[in-house]
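This report describes selected features of one protein chain. Please view the sequence and the structure together before reading on.

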Amino acid sequence: MFSPTGKVSLQIFLLTLGLSTVSGVSEFTISPDRDTVLNISNSQGKGCQVCTGSGRSRRCSVSLSLKGNTPASLTFDCTRPQDVFTVEVVQNIECTVKSCSDHIVPADSGSLPLLDFPRRFIWNLKASAPKAFKIDFSKAGLRQINPSERCPDSHMYTLQVFQTTGKVAVGKYCRMGPITSAQILNQGRFILEIPARQKLQSSQFDVSVGEEIKSLARVSLTLPKGTSSSELLSPNYPDTFPDDDVMEWYFQVPQNHKTSVRFLNLIQPQCLKKETAVEYHSKGRGALVLGLADVQPSQNQGDFSLTLRNCEMDRRRAGSPGLSLNIKVSASSTSSTVKCKVATSNLEGLSLHIDKVRPASDCEIKINSVLKEKITVTSTSELTFQDCLPDDVNVTATGIIGCSDLKDCPKTPVPLLVPLLPSCLPTPLSSVTWTLRPAHHGTVRLTCPSGPLKQSLPGQVCNDSILFKVAEEGGGTIGHFCPRGVVQKIQIHTNVTVTWSSNMRGRIQRTYFKYVLNASFEKEIPERYIFTVSPVKDTPVLLATPGWPVGMEFYSTVSWIVSVPPKMAARLVFANVSQPKCSNRHTNIKVQRVGSPEEDYSRREDEEAEPEITVPESFYLNMSNCMPERGDFSVLTKITLQKAPNRLLPIILSVVAALLAIFIIVLVVVCVVVRKKKKKLEHQVDVYNPNGTSFLPGPNGHPRSDDESEYHVYASIEESLVYTHLLKKGAEIGVYGDFDTYRPFPGHSDSQKPLVSKNDDTEVDDQRPMRQTSQPGPPLPNRPPSHGQTLVDNEIYRQREPTGEGDSSNLGARMEPEGGN
């Protein structure tokens with residue numbers, strides 16, 4: 001995204017369509033510059049996608065890389081892609097032994113739709129050996145910050161070095177500082193990050209050929225005239241400095257100024273070869289080599305360089321520390337007397353305390369021309385500082401806010417303000433402590449106007465530049481807090497001290513952090529402490545009992561009111577629970593949903609506690625301490641929001657399962673009944689036996705004889721033969737006449753007609769089936785006319801032809817049955 005002059009500009013995107021949202025899809029057209037690469041990536045790695053093309057040529061992915069100046073039409077399949085996508089603009093700059101191909105000039109028009117996206121500008125730089133490349137920051141000036149800090153203007157710069165052993169972070173920086181340049185050996189990267197909807201401030205950093213350096217990087221600083229203090233961090237801070245490597249800082253000191261160097265937060269490694277050391281080089285003087293734990297030099301005059309050397313570290317043992325440290329360089333004019341007037345209007349109702357902390361130094365402090373070791377400023381005063389360095393003195397402020405009766409307390413929140421002190425003081429304000437004393441049976445409420453607070457805990461450390469310590473007056477610490485958290489407010493039913501502290505130095509601290517907290521005085525609350533918490537999705541929150549890891553006060557109680565968004569559930573994990581042996585009462589941990597009379601969870605110290613619980617709604621987390629006989633009561637709770645399960649789904653599944661079970665039962669019953677009826681119908685066929693005995697065929701019939709086999713079984717039986725004896729008896733008693741003729745039963749097919757025996761005068765055996773034959777049966781007896789109609793109506797027999805008796809002879813001779821049927 002560079003013009004021929006090397007400018008990084010969002011103007012080169014040439015958004016011809018502009019951003020639009022149609023049916024929930026955002027789309028626009030861009031055209032990257034020929035010298036840049038445009039990367040659009042989903043920071044979450046899932047969900048919303050960016051697409052190119054249309055129709056069958058449409059391609060979608062969670063990331064997209066474009067290069068060249070060919071216009072491309074992009075669409076996003078979500079309504080707010082700026083919430084999940086990051087725009088990255090990359091350019092390469094190469095340096096020869098004489099010159100570099102470009103400069104670093106980030107800029108944009110301030111009106112393009114891509115301003116809604118978080119943006120990252122990256123310059124990959126490469127030097128030509130043995131030279132380094134150099135980036136000039138003198139026009140803007142940079143100052144190094146802790147990696148967890150944020151810059152006031154939201155423009156954060158990062159400098160990295162590429163080595164054969166990996167990538168090394170030289171540091172993170174904000175504008176307006178003493179750093180004027182940086183030289184990088186071989187290859188490196190310079191990054192500018194700005195959040196969404198933040199206008200890019202114009203600036204320029206020239207890139208040129210550097211020196212032949214022997215360290216991974218060399219950072220140069222120009223200290224300002226007068227009293228100043230600068231802080232630097234070792235590479236990769238707070239992680240370890242690279243193994244057996246070297247880093248260099250060069251300081252330009254104004255004339256007639258003296259400096260001092262101190263190492264803070266020093267962590268030294270276990271060395272296998274060599275030793276960690278620091279070297280000081282200055283013009284006209286020999287090198288000074290010291291150990292990191294030694295007292296570092298002070299009262300030096302003139303420019304000097306500081307080189308940090310690491311050893312070959314022993315990293316084989318688990319938990320073996322690396323090398324990290326904070327370097328503090330202070331400067332002031334020599335034999336100088338600084339007069340400073342502090343007005344009461346600047347103190348915000350506070351008392352100012354200035355203490356001399358280095359008795360052996362030459363620093364002298366006076367108030368209204370009176371020499372003092374400690375000064376307390378409560379009214380407008382004139383202060384004098386002679387030969388005082390920033391490390392020689394400490395500046396703090398204190399104040400008391402309270403009321404004896406609730407009706408006399410302030411009706412509106414009282415702002416806790418950090419005073420804006422004059423820059424003539426040798427060192428900035430280090431801390432402010434407010435003592436808040438509510439009325440009897442009253443409560444103090446603390447809120448932060450800039451947003452919720454975060455409690456500093458292991459795994460949730462406050463690395464910000466400011467910190468609030470909340471404690472009971474004359475008692476233990478309640479907790480340490482910093483901005484950008486989830487604690488909406490803190491309510492405490494006792495006298496409270498709130499201490500603000502900052503590790504920021506110089507002009508930025510004096511102008512940026514002023515309005516820090518609001519304090520309100522309210523009616524009595526049922527608990528000793530109440531915290532109102534609003535967790536956010538995908539960000540675990542740690543909540544600790546007051547004073548953690550030290551136990552709670554005896555008989556004290558604490559509650560957290562936790563807000564759970566709709567369609568979400570909170571998963572509580574009691575990660576670290578310390579229970580005492582109680583001599584009176586019990587400790588208790590309770591979870592109860594807001595508006596519900598029932599408790600979801602309740603455990604005492606003598607009960608086995610479940611490690612976790614899921615709550616689908618907003619809830620109270622209550623804890624109370626007993627009078628311990630031994631041990632302490634402290635709890636660390638981890639809360640994570642997750643998508644709530646569909647409450648209707650279990651009900652629907654239960655109903656479906658019940659209906660399915662009923663259906664299966666009914667189906668089984670029906671099948672059993674049908675099978676029994678079918679079986680009964682198959683076996684219960686009454687067969688007439690002329691002997692006068694009827695029985696049911698099948699397994700319950702008479703046992704077979706040895707000579708009975710399957711060839712005795714017939715597929716069908718001629719019904720006329722089965723009822724022949726009835727016809728004969730009817731003829732004998734005069735029931736049937738000669739004119740009656742046989743009419744076959746219409747409900748059977750030919751295959752179902754019964755077979756006849758060989759001999760017509762033999763009785764039918766009631767146990768043996770009849771053998772099939774093709775001979776015709778005997779003629780039917782004559783029947784009276786009066787009975788002809790009955791047989792027809794019952795459809796037992798039907799006449800084939802109305803020819804009378806002669807036609808009956810077609811039935812054939814009767815067979816001798818071999819068994820009954």
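Are C48 and C78 buried or exposed? In this predicted model, C48 is buried, and C78 is buried as well.

## Disulfide of C48 and C78

The structure holds 10 disulfides, and C48 and C78 form one of them, with their sulfur atoms 2.0 Å apart. A disulfide is a covalent bond between the sulfur atoms of two cysteines. The link of C48 and C78 is left-handed, with -80 degrees about the S-S bond. The pair connects distant parts of the chain, 30 residues apart: C48 lies in the loop between β4 (36-42) and β5 (50-52), and C78 in the loop between β8 (72-76) and β9 (85-94).

## Disulfide of C271 and C311

C271 and C311 also form a disulfide, with their sulfur atoms 2.0 Å apart. With -80 degrees about the S-S bond, this link is left-handed. The two cysteines belong to distant parts of the chain, 40 residues apart: C271 is in strand β23 (residues 271-273), whereas C311 is in the loop between β27 (304-309) and β28 (312-313).

C271 is partly exposed, with a relative accessible area of 26%. C311, at 0% relative accessibility, counts as buried.

A disulfide joins C462 to C482, with an S to S distance of 2.0 Å. This disulfide is left-handed because the torsion about the S-S bond is about -80 degrees. The pair links distant parts of the chain, 20 residues apart: C462 is in the loop between β40 (453-455) and β41 (466-472), and C482 is in strand β42 (residues 477-483). Both C462 and C482 are buried.

C448 is in no disulfide; the nearest cysteine sulfur, that of C482, is 10.0 Å away. C448 has a relative accessible area of 13% and is therefore buried, the cut-off being under 20%.

## A four-stranded sheet

Four strands form an open antiparallel sheet in the order β20-β29-β22-β26. Its edge strands, β20 (228-233) and β26 (298-301), each pair on one side only. Neighbouring strands of this sheet are turned by 30 degrees against each other on average, direction ignored.

Strand β20 runs antiparallel to β29 (residues 324-333), and six bridges join the two. L233 stands opposite N326 in β29.

## A nonpolar patch

I651, V655, L659, I662, V666, V670 and V674 make a nonpolar surface patch of about 620 Å². Of these residues, L659 lies in helix α2 (residues 648-683). L659 counts as exposed because its relative accessibility is 55%, and the cut-off is over 50%.

Notes: Residues numbered from 1 in each chain as written. Predicted model: local features only at pLDDT ≥ 70, side-chain atom pairs only at ≥ 80, totals over all residues. Heavy atoms only, no water. Patch = residues over 30% accessible without salt bridge, like charges linked within 9 Å, V, L, I, M, F, W, Y side chains within 5 Å. Areas by Shrake-Rupley, 256 points an atom, 1.4 Å probe, with all protein chains shown as cover. Salt bridge = Lys/Arg side-chain N within 4 Å of Asp/Glu carboxyl O. Buried < 20%, exposed > 50% of the residue type's maximum accessible area, 1.4 Å probe, protein only. Pairing = 2+ DSSP bridges. Axes fitted to C-alpha atoms, helices over the stretch in contact; angles between N-to-C directions. Disulfide = S-S within 2.5 Å.
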